[in-house]
Amino acid sequence: MNGYSAHARVEQPEKAAGQETMATCVFVVEDNADLNRDLCEYLEMCGFDVVGCETGAAFHRALQSKTPAAVIFDIMLPDADGYELAKYARANLDCGIMMLTSLAGMDHHLTGYKSGADVYLTKDSPLSVIEAALRPLLRRVGKKDDDVVEDPEKDGAWTLDMLNWTLSNSGGGSSTLTATERTIVQLLVEANGAWLTRPEIVMALGKADTAENCRNLDTAIRRVRQKVLRETGDELPVRTAYGRGYAFTSPGIIVGAGETA
């Protein structure tokens, strides 16, 4: 329904010997049968207990027998609006919420977050990125996935403290951010490895999409890179590419967001 072409099943995560069968429960609410199947199979190989639902009604039925630690919602379902399902989950469930959709514009991102989403990814995201985004999401909402074997390559997450305006690396090094820098880093971390264009970031900062504001954004990101390297000893994991924009390429955790105005 969303024009998705199923991922080729080439990503094969290694499953550790002796892994327990009890696992963190994740619901996948997606009407595209191919994507639903591929994502469910991949997350199961990663150690999650996965429940696939192709409709909003199936999601509500599944809640009668299981309680998810996280839910991945499509937006355009045949019988429901994913935004409304996210609002329901936020109001009634103690779980993390990820939106996974073909709707990529900043307006859709903002609507998703206002509906209660913790993470917003587009369907062109690799399965490995979707799985990687689940782990810090589960940590943020206090759902420790002890039964999922951690991938050591996903250690070393950066932490953005919204309350204290700091960005810290895994070694404890910390850099104090300005208001603009904090918002830029927040947007990039929340994108979970996806590219954000310069106009998307500029408009999220409440500014007009002009060449001057895009140049100012480049300057702000260059300065925060220099500051973070100077104060933490690590390079800020933000990549840039012509015509694509910026992406945060390391795992990131946001804390203290609930206390900010």
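Reader: How do you know that strand 6 is joined to strand 7?

Author: Three bridges join strand 6 (residues 158–161) to strand 7 (residues 166–168), and the two run antiparallel. Two strands pair if DSSP finds at least two bridges between them, so three bridges qualify. Strands here are DSSP runs of E with at least two residues, helices are runs of H or I with at least four, and both are numbered from the N terminus.

The model is predicted: local features need pLDDT of at least 70, side-chain atom pairs count only at pLDDT 80 or more, and totals for chains, interfaces and linings use all residues. Residues are numbered from 1 along each chain as its sequence is written, and side-chain values use heavy atoms, without hydrogens and water.

Reader: What makes strand 8 and strand 11 edges of their sheet?

Author: The open sheet has four strands in the order 8-7-6-11, with mixed pairing. Strand 8 (174–176) and strand 11 (252–255) each have a single partner strand, so one side of each is left without a neighbour in the sheet.

Reader: Which strands does helix 6 touch?

Author: Helix 6 (residues 179–190) packs on this sheet, touching strand 6, strand 7, strand 8 and strand 11. Contact means heavy atoms within 4.5 Å. The direction of helix 6 makes about 125 degrees with that of strand 11; axes are lines fitted to C-alpha atoms, for helices over the stretch in contact, and angles run from 0 to 180 degrees between N-to-C directions.

Reader: Why is Asp74 called buried?

Author: Buried means under 20% relative accessible area, exposed over 50%, partly exposed in between (1.4 Å probe, protein chains only). Asp74 has a relative accessible area of 1%, so it is buried. Its place is in the loop between strand 3 (70–73) and helix 3 (82–92).

Reader: What joins the side chains of Asp74 and Lys123?

Author: A polar contact of 3.5 Å joins them. The term covers a pair of N or O atoms within 3.5 Å; within protein, one must be able to donate a hydrogen and the other to accept it, and residues adjacent in sequence count only if both atoms are side-chain atoms. At 3.5 Å, this pair falls within the limit.

Reader: What is the pairing in the sheet of five strands?

Author: The pairing is parallel, in the order 2-1-3-4-5. Within it, strand 1 (residues 25–29) and strand 3 pair over four bridges, and Val28 stands opposite Ile72.
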